Amino acid sequence: MSDRPAFHEADARRFLDERGSSATLAPNGLNPATIMEKAVRERIVDSYFWKEQCFGVNEADIVDRVVDHVHYVGGTTGTAQRPSPFLCLAFKLLQLAPGDDVLQAYLAPGGERFKYLRALALFYVRLTRPAADVYATLEPYLADRRKLRRRGRAGTTLTFVDEFVDDLLVKPRVCATSLWKLPQREDLEDLGKLEPRVSALGDIEAILEEEDEAEEKAREENVAAGVGLQTHGDNGMEDDDAEYDSEDDRGNRDLYAKRRRRSDEDEDSDRGGYSSDDRPRNGRQRTPESDSRSDRSRSRGR
């Protein structure tokens with residue numbers, strides 16, 4: 001009789017049934033079998049990609065699976081909430097529990113050629129490593145500007161490696177996985193677990209001071225230019241007034257006023273000898289006949 005078992009039980013199913021009791025805890029003290037939510041774990045184990053590509057895989061085979069099948073980062077996609085190959089391989093890493101030397105191989109030499117392998121390793125480091133190691137490992141890759149595809153419920157979008165790393169450090173949920181809360185970096189610096197971070201831009205405070213000085217200088221130059229323009233405009237108005245008040249212009253204005261008075265007098269004579277001041281307000285023109293009628297009406301009234 002053969003000693004070969006009648007069936008082969010998947011390690012992942014046993015890993016989940018025993019709730020990770022046979023596996024060692026992650027370096028951050030969490031149970032690797034329960035880091036992801038139960039619903040996500042069940043979808044991963046029942047997915048076609050897991051059954052076909054993640055069975056009997058070791059740390060070296062992870063590289064081949066990433067190169068051949070991972071073309072975007074993401075959690076569950078579509079209306080059926082199918083787990084992505086990226087998420088399935090991340091769960092496989094939780095089962096394999098690779099060491100720091102393997103992760104460094106994923107990040108440095110492998111990550112230079114395959115950006116999704118680096119993204120997968122960074123995601124795994126965020127899930128399983130202590131806070132100080134997370135900051136020390138992820139922060140250098142904030143300078144990685146390579147493009148990544150990101151797929152979610154809304155569809156596929158464009159992102160970058162540095163944005164993905166920033167999400168891992170800041171957001172509470174990435175790729176359908178709730179991340180454990182990181183302490184503030186300043187607290188770790190006060191405890192002596194981390195050195196103060198040196199930005200790739202240099203001294204941030206000095207840069208901000210230089211920007212403030214440049215803005216203040218530009219503001220002063222704009223104010224000075226505005227005062228000069230206003231002074232020039234006032235001088236121009238004074239010159240125009242002086243030119244307008246010259247003798248020739250005063251003579252022209254007097255001549256124009258005389259012509260205007262003559263035209264008004266001619267118009268009044270044409271209208272019956274009434275001036276503009278004596279003209280009735282209702283617009284009717286008074287005549288001698290109308291005056292006699294008004295006198296007779298007054299005498300009758302008496």
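**Exercise 1. Find which elements each supply at least two residues of the lining of the second largest pocket, then describe that pocket in this predicted model.**

Solution. 
Step 1. Start with the elements. Helix α2 (38–46) and the strands β4 (147–152), β5 (155–160) and β6 (173–174) each give at least two lining residues.
Step 2. Go to the centre. The lining has 19 residues, and G75, T76, G152, C175 and A176 lie nearest the centre of this pocket.
Step 3. Sort the lining by class. Six residues are nonpolar, seven are polar and six are charged.

**Exercise 2. Describe the largest pocket: its volume, its lining and the helix that gives the largest share.**

Solution. 
Step 1. Take the volume. The largest pocket has about 490 Å³ of space.
Step 2. Locate the centre. Of 23 lining residues, E139, L142, D166, L169 and V170 are nearest to it.
Step 3. Assign the largest share. Helix α10 (residues 161–170) provides it, with three residues.
Step 4. Sort by class. The lining of the largest pocket has 13 nonpolar residues, two polar and eight charged.

**Exercise 3. Work out how α8 and α9 are oriented to each other, and which residues make their contact.**

Solution. 
Step 1. Read the geometry. The axes of α8 (residues 115–128) and α9 (residues 131–138) come within 8 Å and cross at roughly 160 degrees.
Step 2. Apply the cut-off. Angles over 145 degrees count as roughly antiparallel. Therefore α8 and α9 are roughly antiparallel to each other.
Step 3. The crossing of α8 past α9 is left-handed.
Step 4. List the contact. Helix α8 uses L122, V125 and R126, while α9 uses V134, T137 and L138.
Step 5. Sort these residues. Four are nonpolar, one is polar and one is charged.

**Exercise 4. Describe the packing of α6 on α8.**

Solution. 
Step 1. Read the geometry. The axes of α6 (residues 100–107) and α8 come within 8 Å, crossing at roughly 145 degrees.
Step 2. List the contact. From α6 come L103, Y106 and L107; from α8 come L117, R118, A121, L122, Y124 and V125.
Step 3. Sort by class. Eight are nonpolar, none polar and one charged.

Notes:
Residues numbered from 1 in each chain as written. Predicted model: local features only at pLDDT ≥ 70, side-chain atom pairs only at ≥ 80, totals over all residues. Heavy atoms only, no water. Axes fitted to C-alpha atoms, helices over the stretch in contact; angles between N-to-C directions. Helix = DSSP H or I, 4+ residues; strand = E, 2+ residues; numbered from the N terminus. Parallel < 35°, antiparallel > 145°, perpendicular 65-115°, else oblique. Left-handed = near helix turned anticlockwise from the far one by under 90°. Contact = heavy atoms within 4.5 Å. Nonpolar A, V, L, I, M, F, W, Y, C, P; charged D, E, K, R; others polar. 1 Å grid on protein atoms, 1.4 Å probe; cavity = no way out; pocket = protein on both sides within 12 Å on 5 of 7 lines; lining within 4 Å. Points joined across faces, edges and corners; volume = space filled by probe spheres on them.
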